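The entries follow the order in which I checked them.

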Amino acid sequence: MAQLVQQPLVMEATGWDAYRLLDSGAGRKYESFGPHAFIRPEPQALWQPRLAEWPAAGEFVPGSDEDGGGRWSLDSAVPETGWELAWDDVRFTALPTPFRHLQFFPDMSAVWDWMREQLSERADAETMNMFGYTGLGSLALSQHGPVTHVDASKKSVAQARENAALSNMEDRPIRWLIDDAAKFAAREVRREKRYDGIILDPPKFGRGPKNETWRIEEGLPDLIGDCAKLLDDKSAFLFLTVYAVRMSSLSIAGLLDEALSDLPGKIEHGDLAVREEGQGGRLLPTAIFARWSNPG
């Protein structure tokens, strides 16, 4: 039976050549994405900025409603088609999107490192990336074996394929699927598939390719239940991240504890966070997570 670790953890992402959290405060954050710096809203930054000025190539100005909206105010120096960045051996295109991010989530770099650690030196692990977005997690996993990448957005999957080409990974054994994640997981259970690892990053709300409606509070328990059926005592991990939802990491850890009760290993939970640059850099929390790992 998997052991639930009650004490929460912090998974800390630090900057790398392509990304830095330069400062944060007063409900915003100041970041560099390669040659360009941007300002974005960040409700978790309750403190005051350390820097007096934030010279930036663009800022996302949020809408007036709580659920999102807003627009970018961009300098003419920002390329309209984006620019190339890299994390380790994964190359990708950064581009400001209407959803305030830049086609990837920098805090996930800590998760990509952790997943690779769980798979160690394996080159035959079969993994799945659900709600896989632009594919950075899938490309990171692909050095360990076949990956099934699932996302409902045709545009996101197309960008993921482009990122694979940028990374010279077009020949990696990755299945790029445009599908509703919950329905796909249920079909995989009926097909009696198994995976060595699963990562999922479900949105608060979304629609599938056939206009299926997803609400995380309603759909997550069944989805996790199906994911548990795709794992066994030889599987290595399951990693769940949740953004922008009013719930505790302990609640999603409890969900994993219930679904994975028949498996060995341990269940941990806590916050994803990004460390500011410089001496005394603060930790900026970005999401909650729950993870199951099994050393085998």
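Entry 1. I looked up a charge beside a ring. K193 lies over the face of Y195, and the distance to the ring centre is 5.4 Å. I note that this is a predicted model.

Entry 2. I searched the whole structure for aromatic pairs and found 15. One of them is F33 with F38: the ring centres are 6.0 Å apart and the planes stand at 65°, so I wrote the pair down as edge-to-face, a label that needs an angle over 60 degrees. Are F33 and F38 buried or exposed? F33 has a relative accessible area of 1%, so F33 is buried. F38 has 0% and is buried as well.

Entry 3. I then looked up the aromatic cluster that holds F33 and F38.

Entry 4. I turned to helix α3, residues 154–166. Its 13 residues at 1.5 Å each should span 18 Å, and I found the end C-alpha atoms 19 Å apart, which agrees.

Entry 5. Which residues of α3 are buried? I listed S156, V157, Q159, A160, N163 and A164. They cover an arc of only 160° around the axis, so they sit on the same side of α3. K154 and K155 are exposed on the other side.

Entry 6. I checked what the buried residues of α3 pack against, and found the strands β9 (90–94), β11 (147–151) and β12 (174–178), along with helix α2 (136–141).

Entry 7. Last, I looked past the end of α3. N168 follows the helix, and its phi is positive, near 60°.

Note on methods:
Residues are numbered from 1 along each chain as its sequence is written. This is a predicted model: local features need pLDDT of at least 70, side-chain atom pairs count only at pLDDT 80 or more; totals for chains, interfaces and linings use all residues. Side-chain values use heavy atoms; hydrogens and water are left out. Helices (H or I, at least four residues) and strands (E, at least two) are DSSP runs, numbered from the N terminus. The expected span of a helix is 1.5 Å times one less than its number of residues. Buried means under 20% relative accessible area, exposed over 50%, partly exposed in between (1.4 Å probe, protein chains only). The arc is that of the directions from the helix axis to the C-beta atoms. Contact means heavy atoms within 4.5 Å. Rings of Phe, Tyr and Trp (its six-membered ring) pair if their centres lie within 6.5 Å; planes under 30 degrees apart count as stacked, over 60 as edge-to-face and the rest as tilted. A charge sits over a ring if NZ of Lys or CZ of Arg is within 6 Å of the ring centre and within 35 degrees of the ring normal.
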